[in-house]
Structure formats: C-alpha cells, structure tokens
Amino acid sequence: MGDEFFQLSAKYRKMVAEFVSRGEYEKAAFVCLKLLQEPLSAAKTLEAGELYSQAAAIYEEHCKDLNKAAECYEKGKMFEKAVDLYNELEEFEKAGDLYQLLYRFKESEAAYLRAAKVFLRKNNYLEGARVYQEKLEDSDLSRSTLYLGWQNNYQAYRSLSKYLDYFPELEVKRTEFERIYREDVGPVRAKVFLDVVIKEYQKGNELA
C-alpha cells in the first residue's frame, strides 16, 4: 500500500511539473489541491502563475493564511478584499495605503491613526512618530511622540535624536538642549542625554 501511494504521488507531482512547464498553472494547482491534498502548494502555484485571485482564495479558505491572502488580493489589484483582510489583521498602515488607492481618504486617515496607536501601545514611539509624519504629515504629533519615547525611556536615544532633528536652526536647537537639560534629564536619562550631546558635538557645527 505504501509503495502504491508513493508511486501515485510521484505520478501526480510529475503532472504538476509538466503543467507548470506549459504555463498551465490552474491545472497544476488543481492536481495539488484535489489529488495531492496540498493546498499550500496549490496556492503557491497559482501565485507563481500570477493568478492572484484564485491563489488568495486558497490561502484564505484552505490555508487560513490571511496575510498571504491579503498580499495576493493586493497584487491582483483587488483592493477592497485586501483592505478588509488587513483591517482584520490589524495591519492598519497597509489598510490606510489601500484606502488611498481607492480614494477613500477619510478612511485612510482613520486607519493611519489606528496604526500609530497600535505602535504606541507597543511602546514603539519611533514607528508611531513615523506614521504621524510620513502618512498623516503631522509634524507636531510626530515630534511630541518622539519626546514621549525619550521621557518614557523607550528607544530613548533615537527618539531624542530624531526629536531634535525637528529643530534645524542651531540657536533654536541650543535653546531646546538647555530646556531639556534643565527640565527633563535627571539621573535615569543622563547617560542617554550625554550620548545625544556627543552626537551633536561630532557634527562640528557652531553648536559644538
């Protein structure tokens, strides 16, 4: 029985290879799904043949891989289906990007705000600030988020460095350095603050 099963499986795999070599991806996927009982191979075969809608359906229904299903819907420009899955997966930044392509700008903005909040819940202030700046073009929110990262000691060095980048004028940056030192350093963050001062000094500008 084992040898017979192995021979039958080998026969089906040879059929798959022949179908693929002829560009008959749907037939190859049918063999993978129905005869070999390998839905993942079927989905990958369809994806390789750029049959994204069918591939997405198998990823979603048979493989329960919503990430891959969403990717395939997106590749196939089936943005409505993709955005629903990205929302279900809480991939709100991806959802926001697709809403932009669909000209649904209010929903896009709401999705980006949700994305930023998810990052902040995870104490990822850098990514939260990036979404505010790059996706929502809100420099004030981005800057204040970076400062929170510094204050809360999460990604503190990079948060403070990027925060200070919002002050390109050297005199304004000097004033901000002095304010932070006076109001918000303390023993816990002193080392991080000194590292940022050293980084600024190494630029060799007038502020050094």
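Which residues are buried in helix 6 (residues 79–88)? I began my entries there, and in this helix I found F79, A82, V83, L85 and Y86 buried, a word I use for under 20% relative accessible area, with exposed meaning over 50% and partly exposed in between (1.4 Å probe, protein chains only). Looking down the axis of helix 6, I see its buried residues within an arc of 165°, so they line one face of the helix; the arc is that of the directions from the helix axis to the C-beta atoms. Helices here are DSSP runs (H or I, at least four residues), numbered from the N terminus.

I note that this is a predicted model, in which local features need pLDDT of at least 70 and side-chain atom pairs count only at pLDDT 80 or more, while totals for chains, interfaces and linings use all residues. Residues are numbered from 1 along each chain as its sequence is written, and side-chain values use heavy atoms, with hydrogens and water left out.

I then looked up what covers the buried residues of helix 6, and the cover includes helix 4 (52–61), helix 5 (66–75) and helix 7 (92–101), contact being heavy atoms within 4.5 Å. After helix 6 comes E90, and I recorded its phi as positive, near 60°.

Next I turned to salt bridges, each being a side-chain nitrogen of Lys or Arg within 4 Å of a carboxyl oxygen of Asp or Glu, and by this rule I have a count of 20. In helix 12 (residues 170–184), E171 and R174 lie 3 residues apart, about one turn of the helix, and they form a salt bridge whose closest N and O atoms are 2.2 Å apart. R174 also meets E178 in a salt bridge, at 2.5 Å from N to O, and here the two residues are 4 apart, again about one turn of helix 12. I kept in mind that an α-helix has 3.6 residues a turn, so residues three or four places apart point the same way. On accessibility, E171 is partly exposed at 48%, R174 is partly exposed at 31%, and E178 is partly exposed at 38%.

For R182 and E183 I noted a salt bridge with the closest N and O atoms 3.9 Å apart, and both R182 and E183 are exposed. I also traced a single network, in which salt bridges that share partners join E93, D97, E127, R130, E134 and K135.
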